[in-house]
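Please open the model in a viewer and keep the selection panel at hand.

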Amino acid sequence: MAESLEWFKYLRQSTTWVPKDRPPLPIAEMDAPWRYNAANWLLRQASALALYYGFGEIQHVFRTASQMSETTQDFLERAMEEDQQKRDADPKEWLKATPLYQALVKDIPERTI
């Protein structure tokens, strides 16, 4: 389950790529072909990542829910349900809106991706 929380945090950031078996590096240091390949890898994993993200989101909320008012908790619950429906309906489109994906495809022509 800790992995889910890590994916939740990772997909919400836009500065670092973590390649397999290599240390993390700034996205700004990646060339366009590498960013393209990384973005396409994310898209191929979209369904699984949407699931991990949802579980991570729940973990994150449970850690902070005790500090929220009941009204805030209700609002957050509705928002999370709506977000989950979007992830379920089209995981790839959802993934394309994440900060990590957006950072990877910045300045790469869309028709290329």
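For the class counts below, Ala, Val, Leu, Ile, Met, Phe, Trp, Tyr, Cys and Pro count as nonpolar, Asp, Glu, Lys and Arg as charged, and the others, Gly among them, as polar. The model is predicted: local features need pLDDT of at least 70 and side-chain atom pairs pLDDT 80 or more, whereas totals for chains, interfaces and linings use all residues. Residues are numbered from 1 along each chain as its sequence is written, and side-chain values use heavy atoms, with hydrogens and water left out.

**Second largest pocket.** Select I58, V61, F62, A65, M68, Q73, D74, L76, E77 and M80, which line the second largest pocket. A pocket here is an open set of points on a 1 Å grid over the protein atoms alone, where a 1.4 Å probe fits, with protein on both sides within 12 Å along at least five of seven lines; lining residues have an atom within 4 Å of a point. This lining comprises seven nonpolar, one polar and two charged residues. Helix α4 contributes the most, five residues (helices are DSSP runs of H or I, at least four residues, and strands runs of E, at least two, numbered from the N terminus).

**Aromatic rings.** Next, display F8 and Y53, a tilted pair with 4.9 Å centre to centre and 50° between the planes. Rings of Phe, Tyr and Trp (its six-membered ring) pair if their centres lie within 6.5 Å; planes under 30 degrees apart are stacked, over 60 edge-to-face, and the rest tilted. F8 belongs to helix α1 and Y53 to helix α3, 45 residues apart. Finally, select W7, Y10, W17 and W41, which ring pairs link into a cluster.
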